[in-house]
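Biologist: I'd like to learn how to read a protein model, one feature at a time. Can we go through it together?

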Amino acid sequence: MPNPTPSTPLPKMDRVWPSTAVPGAVHRLLEGPGGRVHLVEQGTGPLVLLVHGFPESWYSWRHQLPAVAAAGFRAVAIDVRGYGRSSKPAAVEAYRMLDLVADNAGTVRALGEETAVVIGHDWGSAVAANSALLRPDIFTAVGMLSVPYAPRDGHRPTDGFARIGGDEEFYVSYFQTPGRAEAEIEADVRGWLTGFYTGLSGEAHVPQDHTGLFFVPPGGKLSDRFPGGPPPSWLTEADLDVYSGEFERTGLSGALNRYRNVDRDWSDLAPWDGAPITRPALFIGGGLDASTTWMADAISAFPTTVPALSAAHILEGCGHWIQQERADDVNRLLTDWLRGL
């Protein structure tokens with residue numbers, strides 16, 4: 001089993017250059033336990049590590065970096081393993097949760113820090129939660145955006161996903177076979193990303209009888225269920241240039257491999273079965289986000305599973321891309337919480 005603790009000293013940095021997307025921030029390349037880690041950093045003070053989800057990049061935190069820095073913190077947004085300029089191991093099993101926790105811990109050390117607050121969105125929320133669970137000595141508090149913490153239980157994830165959707169295929173099951181989703185997405189990266197971002201936004205124009213974009217019809221593709229319509233107001237053509245440019249360069253396998261490790265995670269995390277997160281925590285979700293509604297039971301269980309939770313905020317009218325859709329609200333909630341720590 002991989003160890004989420006880096007075992008050897010890590011060099012602080014390899015390269016630094018200024019960011020054009022976030023004035024005042026700098027890019028860094030560091031050596032982590034799994035290879036190269038690319039990050040964007042702004043500000044000084046206690047370290048706050050920002051972890052993105054699928055299919056995104058450090059750029060998803062472009063609105064938070066200056067706000068967290070202005071609040072008196074060292075804000076660091078990483079490209080998760082498999083994304084952007086970070087390393088992309090070829091092996092599917094290199095993307096298991098324990099490896100991503102080790103990357104987070106190694107990044108803190110490579111930055112010359114002993115501890116950090118970790119905040120994640122989407123898959124990054126799960127990575128942040130498990131970082132606080134497995135390494136509470138390093139991660140002193142955790143913020144979760146969009147996806148609430150749900151402790152490991154006794155059911156193998158892919159078995160449960162296979163039962164969802166009836167005659168149709170749940171998207172996580174669709175993502176399991178290497179190359180299958182890549183063939184769909186990489187045929188038109190920009191178009192696919194636009195449809196996916198739009199469909200999960202609070203501004204999406206979804207017909208009342210729409211079954212949602214989480215289910216693939218027999219013989220079809222995930223994009224068959226994209227609701228269409230114009231991109232949301234928070235997503236500009238320049239933003240799409242950044243996202244699509246990165247994935248056109250890297251491909252999608254590294255990003256999709258996270259989904260292909262859910263059963264390995266289930267086995268790896270068996271020693272923490274049902275374990276609560278004891279570090280101070282915050283949750284922010286979108287009222288129109290399926291992650292919030294499908295996982296309502298996980299939010300209700302927070303008094304048991306996240307007993308040091310400060311608050312759980314639901315932003316009405318907001319979809320899944322919460323820190324981009326409602327940047328001002330999320331910045332206020334995060335910085336108030338961080339100062340309170």
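Modeller: Two strands pair if DSSP finds at least two bridges between them, and strands (E, at least two residues) and helices (H or I, at least four) are DSSP runs numbered from the N terminus. This is a predicted model, where local features need pLDDT of at least 70 and side-chain atom pairs 80 or more, while totals for chains, interfaces and linings use all residues. Residues are numbered from 1 along each chain as its sequence is written, and side-chain values use heavy atoms, leaving out hydrogens and water.

Biologist: What is the strand order in the open sheet?

Modeller: Strands of a sheet pair through backbone hydrogen bonds, either parallel or antiparallel. Here nine strands run in the order β1-β2-β3-β5-β4-β6-β7-β10-β11, with mixed pairing. β1 (15–18) and β11 (309–315) are at the edges with a single partner strand each, so one side of each has no neighbour in the sheet.

Biologist: In what sense do β1 and β2 pair?

Modeller: Antiparallel, over four bridges, with β2 covering residues 26–32. Look for Val16, which stands opposite Arg28 in β2.

Biologist: Which strands does helix α15 lie across?

Modeller: Contact means heavy atoms within 4.5 Å. Axes are lines fitted to C-alpha atoms (for helices, over the stretch in contact), and angles run from 0 to 180 degrees between N-to-C directions. Helix α15 (residues 327–340) lies across β4, β6, β7, β10 (281–286) and β11, at about 170° to β10.

Biologist: How many aromatic pairs are there?

Modeller: Rings of Phe, Tyr and Trp (its six-membered ring) pair if their centres lie within 6.5 Å; planes under 30 degrees apart are stacked, over 60 edge-to-face, the rest tilted. That rule gives 25 aromatic pairs. In one of them, Phe170 and Tyr171 have ring centres 4.9 Å apart and planes at 70°, so the pair is edge-to-face. Phe170 and Trp294 have centres 5.9 Å apart and planes at 45°, so that pair is tilted. Phe170 is in strand β8 (residues 169–170) and Trp294 in helix α11 (residues 290–294), so the pair ties together parts 124 residues apart in sequence.

Biologist: Is Phe170 buried or exposed?

Modeller: Buried means under 20% relative accessible area, exposed over 50%, partly exposed in between (1.4 Å probe, protein chains only). At 6%, Phe170 is buried.

Biologist: Which peptide bond is cis?

Modeller: The one from Phe54 to Pro55, with omega near -15°. Pro55 is in the loop between β4 and α1 (64–70).
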